[in-house]
Amino acid sequence: MITLLNDAPENVAAFNASGEINQKDFKNIVIPHVKNKLAKFNELNYLLYLNENVAQTDIAWLTALLSNLESTKQCNRAAIVSDDAGIQKISSLKTAENFKIFPKDNVYNAMYWCNNGNEPEYSEK
């Protein structure tokens with residue numbers, strides 16, 4: 001199931017994935033929300049938060065999603081937030097500068113990066 005992450009910055013299409021993901025989720029939730037963001041901002045900043053209980057038997061849906069985003073000329077930035085070792089190792093994402101993978105303890109850095117294109121700077125005290 002995919003749901004919206006409503007606490008994301010306004011220019012970020014952010015989603016939470018848990019359990020079993022299917023085409024209906026993309027058709028009814030992801031695609032309309034992405035279209036609305038593109039219409040409003042003329043670029044796509046995308047965040048996908050993957051919960052531990054996402055069905056891991058087939059990540060073909062994730063690969064297809066990323067391929068579609070990468071081919072979208074309006075895709076500005078896309079982040080995946082996951083602690084899954086398999087996701088962390090997807091080398092094709094690590095080489096693209098507009099795609100980043102963040103561990104779950106850095107979810108707010110991921111949102112900040114999607115929104116601003118950089119990560120927050122913290123002053124040392």
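Tutor: In this predicted model, asparagine 16 lies in strand β2, which covers residues 12–17. Asparagine 16 counts as buried because its relative accessibility is 16%, below the 20% limit for that class. Leaving aside residues up to four places away in sequence, asparagine 16 touches Met1, Ile2, Thr3, Leu5, Tyr49 and Asn51, and its side chain is joined to that of asparagine 51 by a polar contact of 2.6 Å.

Turning to the sheet, 5 strands form an open arrangement in the order β1-β2-β3-β4-β5, with mixed pairing. β1 and β5 (99–102) stand at the edges with a single partner strand each, so one side of each has no neighbour in the sheet. On average, and with direction ignored, neighbouring strands of this sheet are turned by 20 degrees against each other. The pairing of β1 with β2 is antiparallel and runs over 3 bridges, and leucine 4 stands opposite phenylalanine 15 in β2.

Finally, the structure holds 1 salt bridge, formed by lysine 40 and glutamate 10, whose closest N and O atoms are 2.2 Å apart. Because lysine 40 lies in helix α1 (residues 23–41) and glutamate 10 in the loop between β1 (2–4) and β2, the pair ties together parts that are 30 residues apart in sequence. Lysine 40 is exposed, its relative accessible area being 54%.

Technical notes:
Residues are numbered from 1 along each chain as its sequence is written. This is a predicted model: local features need pLDDT of at least 70, side-chain atom pairs count only at pLDDT 80 or more; totals for chains, interfaces and linings use all residues. Side-chain values use heavy atoms; hydrogens and water are left out. Helices (H or I, at least four residues) and strands (E, at least two) are DSSP runs, numbered from the N terminus. Buried means under 20% relative accessible area, exposed over 50%, partly exposed in between (1.4 Å probe, protein chains only). A polar contact is a pair of N or O atoms within 3.5 Å; within protein, one must be able to donate a hydrogen and the other to accept it, and residues adjacent in sequence count only if both atoms are side-chain atoms. Contact means heavy atoms within 4.5 Å. A salt bridge is a side-chain nitrogen of Lys or Arg within 4 Å of a carboxyl oxygen of Asp or Glu. Two strands pair if DSSP finds at least two bridges between them. Axes are lines fitted to C-alpha atoms, for helices over the stretch in contact, and angles run from 0 to 180 degrees between N-to-C directions.
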